[in-house]
Amino acid sequence: MSSPEESFIIREYKPADFQAICDIDRKCFSEAIAYSPEEMAFGFVQRGAFALVAEHSGSIVGFVLAYQKKQPIGHIVTIDILPEFRRAGLGRKFMEIAEEQLKARGATRVILEVSVNNEGAIRFYNALGYATRRWLRSYYPDGTDAWLMEKALAAQRL
Ligand SMILES: CC(C)(COP(=O)(O)OP(=O)(O)OC[C@H]1O[C@@H](n2cnc3c(N)ncnc32)[C@H](O)[C@@H]1OP(=O)(O)O)[C@@H](O)C(=O)NCCC(=O)NCCS
């Protein structure tokens with residue numbers, strides 16, 4: 001399989017991408033868990049918010065949205081990749097870039113929430129060094145619980 005750098009163009013999000021990323025989120029999650037456009041927009045107005053998108057053959061096939069409200073803690077809001085583009089290393093690449101950007105803004109650790117039923121994503125985050133920290137009861141609108149996961153970022157080399 002070709003590397004993600006060869007197959008995908010990863011670039012910064014532009015406002016014109018908003019509809020495409022909302023559509024991807026709806027394809028990745030059940031109706032109860034997918035973000036409404038208002039909820040997605042709320043992610044973008046958080047302090048220190050940024051997003052990356054991946055294009056394949058001119059179409060957006062995935063994105064990651066993150067922010068950094070409090071200086072030492074970066075927050076991954078969501079990372080979504082269309083099913084046919086999974087397991088090609090794109091998720092890992094997105095997380096590496098997002099973590100670097102959060103680190104450059106002063107983050108020493110990154111947190112995120114994931115449904116306790118989302119085994120694939122939990123394994124993905126585990127593979128990237130995230131550990132489950134706290135059980136968040138009824139975190140999602142349908143009452144599903146979530147795990148709060150966390151990773152310490154390696155110190156910058158001087
Ligand atoms: C979770 C998600 C972002 C992973 O993206 P991806 O591009 O498929 O991940 P990668 O190819 O970079 O995987 C990196 C490693 O993570 C692990 N991993 C990824 N998906 C996995 C799965 N479904 N089951 C088990 N391990 C998995 C593997 O160790 C993988 O390495 P390998 O393929 O060499 O075995 C993607 O499955 C997705 O968009 N899911 C739907 C949305 C979602 O649940 N997002 C998380 C929101 S909290």
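**Exercise 1. Is S57 buried or exposed, and where is the residue placed?**

Solution. Begin with the C-beta count: S57 has 8 other C-beta atoms within 10 Å and is therefore exposed, given that a residue is called buried if 20 or more other C-beta atoms lie within 10 Å of its own, exposed if 12 or fewer, and partly exposed in between, with C-beta atoms placed from the backbone.

The model is predicted, so local features need pLDDT of at least 70 and side-chain atom pairs count only at pLDDT 80 or more, while totals for chains, interfaces and linings use all residues. Residues are numbered from 1 along each chain as its sequence is written.

**Exercise 2. Determine in which loop S138 is found, and whether S138 is buried or exposed.**

Solution. S138 is found in the loop between β6 (131-136) and β7 (146-152). With 10 other C-beta atoms within 10 Å, S138 is exposed, and its phi, near 50 degrees, is a positive value in a residue other than glycine.

**Exercise 3. State how many helices and strands the protein has, and in what order the elements run.**

Solution. The protein has five helices and seven strands, and from the N terminus on they run α-β-α-α-β-β-β-α-β-α-β-β. Buried residues make up 27% of the 158 residues.

Definitions and conventions
Helix = DSSP H or I, 4+ residues; strand = E, 2+ residues; numbered from the N terminus.
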